[in-house]
Amino acid sequence: MKKVILLFAAIMMASTGLWAQEPVNYIDADGQEKTVDAIVVVEEANAVTWGTANTTTWYVVANDVTLDQGAICVGNVNLILADDKKLSATASGQAAIQVSGEGNSLTIYGQVNQTGQLEAICEFGGAAGIGGGSRSSGSNITINGGMITAIADENNASAIGNGSGAETPASNIKVSTKLIVKAGTDEEHAEAIATTRSDDTDIASELKEKHYVSIKSIRTATCTYIDENGESQEVVATEVESSYTPVTWNGGWYVVDDANVLHKGAICQGDVRLILADGAKLTTTGYWNDDEDRGYAGIQVSGEGNSLTIYGQAAQTGQLEANGEGSAAGIGGKMGDAGSNITINGGVVTANASDAAGIGGGDRGAGFNITINRGNVTANSNKGAGIGGGYRASGSNITINGGMITATSNCGAGIGGGSMGSGSNIRVATTLLVKADNNNPPTEEIEHDGGCDIAEKLKDRRYVTTDSILPFRNAAIATIYAVGKDYNNEIIKAIAETAKTDIEAATTTNAINSIKEKALADLQYALALYDAGKTEVLGTLGEKQTGPAIEVTDQNDNSVILYNPKKVNFIKVETEE
């Protein structure tokens with residue numbers, strides 16, 4: 001008898017795989033890591049039977065494996081999907097993974113990272129991806145982890161559950177609350193289901209005749225970001241993944257760390273914080289809602305208590321492209337709604353819209369409480385503002401403290417109100433140069449002191465850019481030092497150092513250029529005296545209205561007052577005979 005049992009076991013192992021040599025880890029239903037010793041490794045096969053009647057058998061997908069004619073579960077089958085490994089099962093006329101009949105069950109577990117995959121596809125014949133065959137029901141299926149994709153053909157079969165024509169309803173299909181379940185006719189139309197379920201909820205009825213089901217964990221990652229002060233911080237964030245259906249971000253931290261596409265946009269609920277990882281890109285496009293007869297934003301940020309803050313990483317190369325649909329903003333309000341509470345602290349952000357603002361309100365929706373602290377931001381619209389209000393709507397409380405911003409509109413203001421709308425309380429830091437007019441790129445510099453509202457100055461200016469004034473400062477200072485670089489003279493040094501100080505205090509490029517021109521004039525005069533040998537420094541002439549001055553004399557004792565190092569303005573150069 002013992003020999004018969006051993007022979008039977010040997011036959012079963014030949015059809016299903018080999019025993020694992022080491023204990024295998026898995027995450028149980030309570031999220032605890034455990035190990036199992038007696039476990040079979042799933043191997044390549046045409047058709048396979050897992051398990052034995054009235055027995056619990058453990059299996060592990062330890063390598064990438066293909067089952068060309070699927071698997072049939074007998075008894076209680078426990079399947080572990082090892083991290084980063086994939087089991088692909090296909091079948092025709094029967095379920096890719098058959099779990100049907102009294103006494104048979106399948107429980108699936110993942111490992112620590114929950115990256116193991118199972119793809120179960122019934123190609124035709126009216127069977128389920130996981131569950132019953134044609135005319136048979138599927139039941140007793142529990143999924144505690146891993147990444148599961150199940151697909152049935154369209155002959156009234158369920159991706160997980162019954163095959164077509166089954167007389168008994170599917171039952172006892174349970175999925176851990178730690179996992180996201182999406183189901184629909186196909187991947188494009190799959191939507192999240194059973195969001196209020198508990199671990200004990202049987203969701204078989206919700207999966208009925210859904211030909212596509214995906215199940216996976218909420219992925220998180222520890223990542224860095226650059227905050228509004230330019231400091232590096234670290235946080236655990238939920239990874240953004242591509243989706244064909246509208247996505248809701250329910251507060252907290254999210255990170256874009258790959259190339260992802262949201263085909264029907266995202267909606268911000270609560271305080272949402274989005275990190276654009278270096279080298280990654282998120283493309284999100286709103287959609288037209290037939291039931292509401294209006295379009296949605298690429299990223300909807302609207303309503304009290306909802307906000308979006310965008311961050312970059314060290315290299316600031318992470319990208320976001322947000323496109324509004326049907327008169328909705330790229331980032332902000334849907335058609336007819338305001339867009340507000342939007343802050344950009346970094347990254348490369350592009351927002352496009354038509355009758356709405358690129359960043360701000362939807363068509364006829366105001367845009368307000370918009371702040372940009374750093375980043376490379378481009379916002380484009382047709383009738384709305386680039387940044388601000390949508391068509392016929394206002395833009396207000398817009399603050400730009402840093403970054404490179406390009407805001408354009410064909411009919412509205414670049415920054416402010418949309419076409420036939422107004423702008424107010426628009427402020428730009430003194431460290432930034434503002435240019436605005438109706439040409440692209442704009443060339444006219446807008447004078448501002450950082451504290452004033454420049455909305456009126458930007459009114460009807462369809463193209464607006466802001467950029468750091470630092471490059472202009474550096475170029476002016478470099479020019480001054482280059483002129484006198486070969487001269488080792490106290491007067492020349494004094495002119496260069498004082499001009500540097502004055503330029504660093506200037507708030508516009510016009511002021512910088514004015515200081516530079518005056519400093520260069522004094523430098524050229526000083527250099528001419530230097531070359532003529534008139535270089536003796538006698539000291540200061542004492543306090544005057546303009547403060548201490550530097551005096552030089554030539555060989556004939558003719559004095560020259562060149563520069564007043566205590567004043568922002570340059571003194572007139574005079575020669576005393």
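Ser 302 is buried, with a relative accessible area of 14%, in a model that is predicted. The residue sits in the loop that runs between strand 30 (299-300) and strand 31 (307-312), and its side chain reaches the backbone oxygen of Ala 338 at 2.6 Å.

**The chain as a whole**

The chain has six helices and 49 strands, and buried residues make up 51% of its 577 residues. Among contacts between residues at least 6 apart in sequence, 63% join residues at least 24 apart. The accessible surface comes to about 25,400 Å², and 45% of that surface belongs to carbon and sulfur atoms.

**Residues compared by accessibility**

The table below collects several residues that are discussed in this report, each with its relative accessible area and its class.

| Residue | Relative accessible area | Class |
|---|---|---|
| Ala 280 | 3% | buried |
| Asn 78 | 9% | buried |
| Thr 57 | 12% | buried |
| Ser 394 | 28% | partly exposed |
| Glu 209 | 40% | partly exposed |
| Arg 135 | 66% | exposed |

**Strands 6 and 9**

Thr 57 is found in strand 6 (residues 56-61), while Asn 78 lies in strand 9 (residues 76-81). Thr 57 touches Gly 51, Thr 52, Asn 76, Val 77 and Asn 78, with residues up to four places away in sequence not counted. Under that same exclusion, the contacts of Asn 78 are Thr 56, Thr 57, Trp 58, Tyr 59, Thr 107 and Tyr 109. Asn 78 is also 27 residues apart in sequence from Gly 51, and the C-alpha atoms of these two residues are 9.0 Å apart in space.

Ala 280 lies in the loop between strand 26 (266-276) and strand 27 (281-285), and its C-alpha atom is separated by 4.7 Å from that of Asp 258, although the two residues are 22 residues apart along the chain. Beyond residues up to four places away in sequence, Ala 280 touches Val 256, Asp 257, Asp 258, Thr 317, Gly 318 and Gln 319. Ala 280 counts as buried because its relative accessibility is 3%, under the 20% limit.

Ser 394 belongs to the loop between strand 39 (387-388) and strand 40 (395-400). With residues up to four places away in sequence not counted, Ser 394 touches Ala 366, Gly 367, Gly 388, Gly 389, Gly 416, Gly 417 and Ser 422. Ser 394 and Phe 368 are 26 residues apart in sequence, and from C-alpha to C-alpha they are 8.2 Å apart in space. Ser 394 counts as partly exposed because its 28% relative accessibility lies between the limits of 20% and 50%.

**Helices 4 and 5**

Two packed helices are described by the angle between their axes and the distance between the axes. Helix 4 (residues 470-483) and helix 5 (residues 490-505) pack at an angle of about 170°, and their axes are 10 Å apart. Helix 4 is therefore roughly antiparallel to helix 5, because angles over 145 degrees are counted in that way. On the side of helix 4, the contact is made by Arg 473, Ala 476, Ile 477, Ile 480 and Tyr 481, and on the side of helix 5 by Ala 496, Glu 497, Ala 499, Lys 500, Ile 503, Glu 504 and Ala 505. These contact residues divide into eight nonpolar, no polar and four charged.

**Backbone geometry**

Most residues other than glycine have a negative phi, and most peptide bonds are trans. Arg 135, in the loop between strand 14 (130-131) and strand 15 (139-143), has a positive phi of about 70° although it is not a glycine. Glu 209, in the loop between helix 2 (204-207) and strand 21 (212-217), likewise has a positive phi, near 60°. The peptide bond from Asn 440 to Pro 441 is cis, with omega near 5°, and Pro 441 is found in the loop between strand 44 (432-437) and helix 3 (455-458).

Terms used
Residues numbered from 1 in each chain as written. Predicted model: local features only at pLDDT ≥ 70, side-chain atom pairs only at ≥ 80, totals over all residues. Heavy atoms only, no water. Helix = DSSP H or I, 4+ residues; strand = E, 2+ residues; numbered from the N terminus. Buried < 20%, exposed > 50% of the residue type's maximum accessible area, 1.4 Å probe, protein only. Contact = heavy atoms within 4.5 Å. Areas by Shrake-Rupley, 256 points an atom, 1.4 Å probe, with all protein chains shown as cover. Polar contact = N/O pair within 3.5 Å; in protein donor to acceptor, adjacent residues only side chain to side chain. Axes fitted to C-alpha atoms, helices over the stretch in contact; angles between N-to-C directions. Parallel < 35°, antiparallel > 145°, perpendicular 65-115°, else oblique. Nonpolar A, V, L, I, M, F, W, Y, C, P; charged D, E, K, R; others polar.
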